[in-house]
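Visitor: I would like to go through this model with you, one topic at a time. Where shall we begin?

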Amino acid sequence: MIPKVFKEVIDLGDGREISIETGKLAKQAHGSVVVQSGKCMLLCTVVSNYKQSDVDFLPLTVDYREKFAAAGRYPGGFFKREARPSDGEVLTMRLVDRVLRPLFPKDYHSETQVMIQLMSHDDDVMPDAMAGLAASAAIQLSDFPFECAISEARVARVNGEFVINPTRAQLAESDIDMMIGASADSVMMVEGEMDEISEEEMTEAIKFAHEAIKVQCAAQEALAKAFGKKEVREYEPEREDADLAKKIHDMAYDKVYAVAQAGSAKHERSAAFGEIKEEIKATFSEEEQADFGSLISKYYSKAEKAAVRDLTLNEGLRLDGRKTTEIRPIWCEVDYLPSTHGSAIFTRGETQALATVTLGTSRDANKIDMPSYEGEENFYLHYNFPPFSTGEARPIRGTSRREVGHGNLAQRALKGMIPADCPYTVRVVSEVLESNGSSSMATVCAGTMAMMDAGVQLKKPVSGIAMGLISDADSGKYAVLSDILGDEDHLGDMDFKVTGTADGITACQMDIKVKGLSYEILVNALQQARDGRLHILSKLTDTISAPAAEVKDHAPTMVTRRIPNEFIGALIGPGGKVIQEMQKETETTIVINEDPVTEEGIVEILGVGSKGIDAVMAKIDSLLFKPEVGSAYEVKVIKMLDFGAVVEYQDAPGNEVLLHVSELAWERTENVSDVVNMGDVFDVKYLGTDPRTRKEKVSRKALLPKPEGFVERPPRSDKDRGRGRDDRRGGRDNRDRKPRRD
């Protein structure tokens with residue numbers, strides 16, 4: 001039976017469009033769509049169990065995978081099967097998850113899975129920009145309890161004009177790369193990188209993307225209506241008890257308010273809140289505690305949240321005693337680790353990051369091999385968040401999605417400040433040693449100082465700050481918080497991270513937990529973030545004002561040299577013999593790449609100290625040495641032969657040429673040693689290549705005065721060269737000779 005297909009089309013302008021289709025594939029899923037733009041096709045399926053899980057959170061899994069077959073390629077490596085997700089896939093999962101999760105009911109705890117797969121790739125379409133649209137469209141066709149349609153769109157600015165979902169070529173020319181997630185009414189998520197743009201420009205980009213998202217949300221609703229919107233499923237809600245909630249609120253609120261008002265450190269504050277909670281629990285009998293279960297903890301948490309938020313809105317005070325615009329104390333240090341190429345510590349309040357820098361060649365670049373993108377990064381940053389940083393003991397099972405996401409944000413913040421002519425591959429690793437507040441922003445600050453300490457010539461230093469928001473829709477009050485604590489992130493309405501130089505924003509990440517955040521509040525938050533960012537930046541530059549002029553003594557120096565392609569083979573040698581021996585002898589690393597534009601070879605020489613690098617450069621100079629006809633060169637005798645001497649150009653060690661016995665002196669020379677000996681240094685004239693022998697020819701006698709009365713022997717004619725010695729001396733005719741046997 002031919003399936004009935006339902007389809008909606010979204011016009012992006014410039015002849016581009018996105019279609020959303022359902023009814024053909026994966027019909028046993030609770031919702032499924034195919035989203036297509038050009039040749040790019042995403043299949044998204046959603047499934048949610050009908051039985052509630054025995055947990056107090058939403059067990060939502062968002063999975064995004066790119067199939068290599070979609071691009072007509074095989075998976076790289078030994079195993080020819082897609083395995084663990086790449087960092088790029090993980091980042092797309094996070095983008096979608098952050099927008100979807102807040103729109104499920106807080107008491108919905110069913111196991112829910114959203115699977116998005118790239119089934120067909122188009123080089124001109126970036127699939128991650130359509131993943132959020134696909135996820136939401138599939139959910140709209142399901143019976144899930146979900147608040148409203150959402151979508152995500154990438155916005156770029158090319159030649160001053162905003163573009164929605166640009167091609168990769170357009171993105172390369174853009175000074176903005178932002179992903180916006182929103183419903184028709186509210187912006188919910190922002191993440192991206194920028195080329196030092198202003199706060200006003202960033203706001204304009206968000207507004208532009210939001211208008212496009214409204215159209216995409218309307219298309220989803222139209223598709224769901226045509227398909228036949230399902231009734232929202234019934235599920236067993238969490239147990240509620242209004243009387244118990246009021247009782248616990250009355251018991252906890254004032255006590256929590258007093259602790260919060262005192263302004264204390266994290267552990268002291270946590271201990272005090274814990275005591276209040278235990279006191280409240282102690283007022284209930286064992287039977288009551290067993291009956292109410294987790295309600296006591298749930299209602300205490302609500303009372304604690306209300307008290308902390310009211311303290312900020314009413315008095316402008318925060319949990320640690322600061323005012324809303326105040327930044328925690330900062331101290332920094334560079335060159336802390338003696339053996340690294342660069343290192344720095346950044347400590348802000350109870351958050352600390354230790355960053356290290358390693359310098360390498362292009363061989364150390366981070367290779368990216370995805371169906372939708374192949375390339376490499378010459379600057380990359382890795383972020384590690386061990387459990388001890390928050391005083392916890394938990395198992396470590398590989399790199400978490402959070403670590404990938406936070407590291408990517410810090411990398412995007414810094415990469416635009418790496419100069420284009422930086423010869424190194426630069427790897428930054430951030431070890432988060434303490435965390436109570438934004439460790440990703442601490443990573444940006446520590447990474448900036450570590451690279452400056454390593455001698456990476458950053459265009460400008462970069463700092464970052466995490467902003468928060470507490471608002472009350474009923475009263476209209478709100479407070480923007482600079483440099484938020486971990487608790488303020490949890491209790492607040494917004495987590496907004498902004499990085500930049502003194503001249504503009506380089507990256508941002510924003511998650512908004514309230515609907516209808518006004519652009520007025522957003523602009524105020526951005527302006528307050530700028531003030532805080534500049535304050536933090538001054539602390540960094542007080543510690544290290546400019547990049548080190550040179551790399552450290554134990555760090556490798558990188559020198560690059562361009563050579564004509566025709567000399568690459570000679571430098572490498574048969575089977576790599578020449579380059580391998582050179583690296584061993586000079587204790588350097590030599591990497592050769594070809595520049596397809598200039599058709600030259602780019603030789604990278606990495607070594608500690610100048611001795612080895614100078615030796616390699618000398619070898620290259622020798623390889624490229626081309627003497628000019630008629631010019632004189634100093635040479636040294638390195639080998640004696642019966643018919644001449646082998647000499648080496650002093651300006652190009654390794655370049656040898658035969659000085660024939662006939663070119664030693666004007667007088668007839670019977671023995672080479674009568675004129676020159678091993679080790680003698682003298683000048684010769686370069687005569688070019690002998691057309692008969694095709695060998696280079698030099699002469700010592702050409703630079704000597706010709707003796708008085710010297711008569712040069714006439715050159716042999718071609719006819720003479722064809723006759724034997726007996727013919728020239730009147731002997732028997734060569735034609736009478738018998739053939740010579742070998």
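**Hairpin, sheets, cavities and single residues**

Guide: In the hairpin of strand 28 and strand 29, Arg694 takes a positive phi near 60 degrees, and six residues lie between the two strands. This is a predicted model, so local features need pLDDT of at least 70 and side-chain atom pairs count only at pLDDT 80 or more, while totals for chains, interfaces and linings use all residues. Residues are numbered from 1 along each chain as its sequence is written, and side-chain values use heavy atoms, with hydrogens and water left out.

Visitor: How many bridges are there between strand 28 and strand 29?

Guide: Strand 28 (residues 681–689) pairs with strand 29 over four bridges, in the antiparallel sense. Strands here are DSSP runs of E with at least two residues, helices are runs of H or I with at least four, and both are numbered from the N terminus. Two strands pair if DSSP finds at least two bridges between them. Within this pairing, Gly688 stands opposite Lys697 in strand 29.

Visitor: In what order do the five strands of the open sheet come?

Guide: The order is 27-26-25-28-29, and the pairing is antiparallel. Strand 27 (656–660) and strand 29 (696–699) are the edge strands, each pairing on one side only. Neighbouring strands are turned by 50 degrees against each other on average, with direction ignored. Axes are lines fitted to C-alpha atoms, for helices over the stretch in contact, and angles run from 0 to 180 degrees between N-to-C directions.

Visitor: Over how many bridges do strand 25 and strand 26 pair?

Guide: Strand 25 (residues 632–641) and strand 26 (residues 644–649) are joined by six bridges and run antiparallel. Lys636 has Glu648 of strand 26 as its bridge partner.

Visitor: And the sheet of three strands: what is its order?

Guide: It is an open, antiparallel sheet in the order 22-24-23. Its edge strands, each pairing on one side only, are strand 22 (557–564) and strand 23 (588–595). From one strand to the next the twist averages 20 degrees. Strand 23 is joined to strand 24 (residues 600–607) by eight bridges in the antiparallel sense, and Thr589 stands opposite Leu606 in strand 24.

Visitor: Which helix packs on the sheet?

Guide: Helix 15 (residues 610–624) does, touching strand 22, strand 23 and strand 24. The direction of helix 15 makes about 5 degrees with that of strand 22. Contact means heavy atoms within 4.5 Å.

Visitor: What lines the largest cavity?

Guide: The largest cavity, with a volume of about 40 Å³, is lined by Glu21, Thr22, Gly23, Lys24, Leu25, Ser32, Val33, Val34 and Leu43. Strand 3 gives the largest share, three residues. Four lining residues are nonpolar, three polar and two charged. In this count Ala, Val, Leu, Ile, Met, Phe, Trp, Tyr, Cys and Pro are nonpolar, Asp, Glu, Lys and Arg charged, and the others, Gly among them, polar.

Visitor: And which residues line the second largest cavity?

Guide: Val187, Ile512, Leu517, Ser518, Tyr519 and Leu522 do. Five of the lining residues are nonpolar, one is polar and none is charged.

Visitor: Is Ile180 buried or exposed?

Guide: Ile180, in strand 9 (residues 176–183), counts as buried because its relative accessibility is 0%. Buried means under 20% relative accessible area, exposed over 50%, and partly exposed in between (1.4 Å probe, protein chains only).

Visitor: What of Asn165 and its phi?

Guide: Asn165 has a positive phi of about 50 degrees although it is not a glycine. Asn165 lies in the loop between strand 8 (161–164) and helix 3 (168–173), and is buried, with a relative accessible area of 11%.

Visitor: Where is Asp483 found?

Guide: Asp483 is in the loop between strand 19 (478–482) and helix 11 (486–491). Asp483 has a positive phi of about 55 degrees and counts as buried at 2% relative accessibility.

Key:
1 Å grid on protein atoms, 1.4 Å probe; cavity = no way out; pocket = protein on both sides within 12 Å on 5 of 7 lines; lining within 4 Å. Points joined across faces, edges and corners; volume = space filled by probe spheres on them.
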